[in-house]
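Have the view open as you read.

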Amino acid sequence: MKDLRILAVDDDRAFQMVLQGTLAQLGYHDVTSVPSAAAALKVIRNNPQLFDGFLLDIEMPDVDGVELCRRIRAMSVYRKTPIIMVTSLADKQYVDSAFAAGATDYFTKPLDEIELRARLQVMRQLVDERQRALDLLDELKSWSDLPKSKIKFDAPLSVISANWMVEYLAMQNHLLTLNRLQLFGHAAIGFTVTNAAEAFRLTDHVGYIDYLANIATVVAESLKTSPFSMAHAGQGDFVVLTNRTAVSDPKGLQDEVRAGIASYQKLYSSLGLPTPMIQVGRPVSASIFSQRAEISSLLDRARMSAQIGLEEGFSAQKQWN
Amino acid sequence: MDTSAARKLPAGVPDVLQAAHQVFINLTTDRILRIEVLTQAVHKGEDAVSALTEIAQIAHKIAGVAGTLGYPQIGDSARAVEQKLKADIAAGDPLRNWDSLSTEIEDLLDALEDLL
């Protein structure tokens with residue numbers, strides 16, 4: 001397995017060495033450590049080889065980790081690269097600012113090897129997911145008849161390059177970082193394409209991604225609220241994370257999405273593809289007393305709610321919420 | 001006091017962290033001295049916010065590694081000092097708990113001196 005190329009930024013020399021030693025123990029040897037944001041930006045600009053991920057200390061003098069995260073995200077090549085913030089327990093209030101600046105995840109000091117291992121496994125999964133998407137894009141550009149790399153029907157995949165589209169894993173992670181009040185303010189809504197499997201069989205993988213990308217765009221246009229984020233979870237299931245009060249009429253939303261999809265009916269027909277059949281689920285939210293397991297299952301419940309559908313799922317949905 | 005000789009790693013700390021441990025020990029003398037200077041400045045009535053902010057920053061660095069390097073109580077103590085200082089500074093009343101905090105800082109310095 002290719003070693004992840006990581007840039008670690010921390011102004012404390014002792015912590016840098018602890019981090020580097022622990023990363024080496026976990027099998028990550030391609031780590032560059034720098035003591036400041038200025039040094040990090042210099043390394044990034046002067047290095048022809050891209051980094052696979054970043055570990056940024058939040059509290060640093062002059063330019064802090066949150067601002068550094070923002071500046072890295074502003075570079076087009078690093079728009080989706082995993083950025084993990086490193087923070088002390090006293091700095092957790094800054095984690096939200098970091099996520100707003102584009103951070104993917106965080107872990108706390110003092111370093112816990114198990115936590116670091118888990119965070120880096122997520123980083124690797126995100127890197128692999130992005131690489132799959134890039135491989136497919138390369139094949140599209142090469143005008144191959146059929147892409148050589150395979151995507152799996154049930155695998156999460158970023159289907160469109162938009163600032164509201166996130167990796168499914170990143171969305172799951174983000175929920176686990178929210179405090180109870182913040183979580184209480186969020187709701188997850190599932191959108192499922194009930195005939196996605198049929199489309200997957202009828203087209204090549206590039207065509208299937210285009211199919212999903214079009215659906216994602218229609219759904220995004222129907223969502224009149226902001227901000228929201230969307231992820232494709234696999235199997236034609238999308239999940240949207242938004243404010244708890246944003247969608248008060250899921251039936252109306254479903255009708256709007258279906259109308260938007262119907263406007264593309266002739267196009268789908270010309271491509272030999274079925275017009276997507278969309279079901280929207282009832283918004284699912286966590287209670288203020290939610291335990292970690294319930295938070296982890298929030299997105300799954302949103303998917304299930306969509307799969308059951310609004311008409312059939314009303315009474316069942318009440319039990320889950 | 002000579003800190004140049006390698007100090008033995010505490011039990012349970014992996015060998016790969018030997019170098020990091022030594023750097024931490026080497027930094028400790030300067031940090032003790034700096035905290036003492038800053039504490040004196042506060043006692044003299046000099047710029048409290050600036051001095052206490054810097055003490056919090058030093059405590060933050062100590063808290064970030066002490067536990068991993070085999071000194072969890074020092075880490076906890078440093079974190080408590082950091083959190084309380086930051087809370088008082090953020091509240092606009094940096095000397096609100098100075099009497100009790102200066103005692104906690106003294107205890108932290110004593111613990112750090114025991115490492116040398």
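Between chain A and chain B, 4 residue pairs are in polar contact, both partners being at pLDDT 80 or more; bear in mind that this is a predicted model. On the side of chain A that touches chain B, helix 1 (residues 13-25) of chain A gives the largest share, with 8 residues. Sorted by type, that side of chain A has 8 nonpolar, 4 polar and 6 charged residues.

In contact terms, 18 residues of chain A meet 22 residues of chain B. The two chains bury about 1,600 Å² between them, and carbon and sulfur atoms give 66% of that area.

Now to the charges. Side chains of opposite charge can pair when their charged atoms come close. Across the interface of chain A and chain B there are 3 salt bridges. One to look up is the pair of B:Arg31 and A:Asp12, where the closest N and O atoms are 2.9 Å apart.

Over all chains, the count comes to 18 salt bridges. Here are some of them, each with its N to O distance:

| Salt bridge | Distance (N to O) |
|---|---|
| B:Arg31 and A:Asp12 | 2.9 Å |
| A:Asp105 and A:Arg119 | 3.2 Å |
| B:Asp76 and B:Arg79 | 3.2 Å |
| B:Lys86 and B:Glu82 | 2.7 Å |

Let's start within chain A, with the salt bridge between A:Asp105 and A:Arg119. A:Asp105 sits in strand 5 (residues 105-109) of chain A and A:Arg119 in helix 5 (residues 113-141) of chain A, so this pair ties together parts that are 14 residues apart in sequence. Both A:Asp105 and A:Arg119 are buried. Chain A also holds a network of salt bridges that links A:Asp10, A:Asp57 and A:Lys109.

B:Glu82 has a relative accessible area of 0%, so B:Glu82 is buried.

Methods:
Residues are numbered from 1 along each chain as its sequence is written. Chains are lettered from A and ligands numbered from 1 in the order in which they are written. This is a predicted model: local features need pLDDT of at least 70, side-chain atom pairs count only at pLDDT 80 or more; totals for chains, interfaces and linings use all residues. Side-chain values use heavy atoms; hydrogens and water are left out. Contact means heavy atoms within 4.5 Å. Buried area is the accessible area (1.4 Å probe) that two parts lose on being put together, summed over both. A salt bridge is a side-chain nitrogen of Lys or Arg within 4 Å of a carboxyl oxygen of Asp or Glu. A polar contact is a pair of N or O atoms within 3.5 Å; within protein, one must be able to donate a hydrogen and the other to accept it, and residues adjacent in sequence count only if both atoms are side-chain atoms. Helices (H or I, at least four residues) and strands (E, at least two) are DSSP runs, numbered from the N terminus. Ala, Val, Leu, Ile, Met, Phe, Trp, Tyr, Cys and Pro count as nonpolar, Asp, Glu, Lys and Arg as charged, and the others, Gly among them, as polar. Buried means under 20% relative accessible area, exposed over 50%, partly exposed in between (1.4 Å probe, protein chains only).
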